[in-house]
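Good morning, and thank you for coming.

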Amino acid sequence: MDPGNVATTRAPQRGMGAPDVAAFADALDGLLQQTARVLLTGPIDPDGDSIGACLALAVGIRQRHPAVTVHVAGNPGNRYAWMAGADAMLPDAQVRPDYDLVMVLDGDRHRLEAPVDAAFKAARFRAIVDHHGSTGEAGYDLHLLDRTAASTCQMVYPLLQLWSVSVDLPMAELLYTGIIFDTGGFRHSNTTPATHRLAARLVEIGVDQSAVCIRVLSERSFAGVQLLGHVLQRSQLIGGGRVAIGSVPHGLFSTLGASYEDLEGVVDALLHIRGVEVACLFIEKEPERVKLSLRSRREVDVAAIAARLSPNGGGHARAAGALLLGPLQAALDRVPAVLEAAARP
Ligand SMILES: [Mn+2]
């Protein structure tokens, strides 16, 4: 099949409504019949939703197309190491550009680690399943996009159903993890009745919702608790108390023995300060590479801010990120004024 033919099997998107999952399921089936090797990947720094969605879809593809080799790229870290299939995930650095199909889940092609990006570009076919509003259709042979979905896992479930894949307990835990992560345990405004209905179904299958919530949302390493305390103690309120900012200089990781994954949830703690509408965490991942992690409570579209600050910036209206090249201090000099202006009542 050449890419020209793929276009004819592209899943149609229905006007303003939900995307046509059945058409996507059929089209993906068709593609998989012509592929030997598939790579599933989330974006840089995959979260519980992208890992859960990738691992669940990998199981589904193996059930539906046993002859196809499926790899999942990414590092599950300590937080997600318990998930079924996480032990077989391929570190990004080990990904080679020899896949027929590369599928990006829960993020877009602009946010892939370099070796994964090379595999994406070298692939015969490219597909995406995503719920981020900043993700478009361009660059993919096949796409399933639904910005109304609370999580990508919520989009993968109907696909698996259409394929008659059995959702057993390990699979249910994968999907539940994505839902819990992306809704913050059903607290974020993206949570809908459909989210609760799927969650209820997964709990009926046997998911221990308390255990998953604690692992995914609450548990921290001791170094992570110290890191959280350090950032919160040095946080600042600007813009009349409507913007909270915190920063993590690169050296802090080694000082505290903490790792990048220990930052999970730190920006959310800043957002929970009373009166704050926008929170921003400045993370010096490496010298000259500053990751911004942005959250907003009600009205401010932080995905738009992220996109304005960097070509790779984007995400959701309430949660977004961007990578800035240059020193941490330069970012701290430039970004707060942008945040204050955006958060002005
Ligand atoms: Mn997601």
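Of the 345 residues in the chain, 49% are buried, meaning that 20 or more other C-beta atoms, placed from the backbone, lie within 10 Å of the residue's own. Please note that this is a predicted model, in which local features need pLDDT of at least 70, side-chain atom pairs count only at pLDDT 80 or more, and totals for chains, interfaces and linings use all residues. Residues are numbered from 1 along each chain as its sequence is written.

The chain contains 13 helices and 11 strands, which are DSSP runs (helices H or I, at least four residues; strands E, at least two) numbered from the N terminus. Its C-alpha trace spans about 55 × 40 × 40 Å along the principal axes.

Let us now consider helix H6, residues 169-183. Because 13 of its 15 residues are buried, H6 is largely enclosed by the rest of the structure. After H6 comes Gly-184, with a positive phi near 60 degrees.

How do H6 and helix H8 pack, and at what angle? Helix H8 covers residues 209-218, and its axis lies 10 Å from that of H6, at an angle of about 50 degrees; axes are lines fitted to C-alpha atoms over the stretch in contact, and angles run from 0 to 180 degrees between N-to-C directions. Residues contributing to the contact include Tyr-176 and Ile-180 of H6 and Val-212 and Val-216 of H8, where contact requires C-beta atoms, placed from the backbone, within 7 Å.

Technical notes
A residue is buried if 20 or more other C-beta atoms lie within 10 Å of its own, exposed if 12 or fewer, and partly exposed in between; C-beta atoms are placed from the backbone. The expected span of a helix is 1.5 Å times one less than its number of residues. Two residues are in contact if their C-beta atoms, placed from the backbone, lie within 7 Å.
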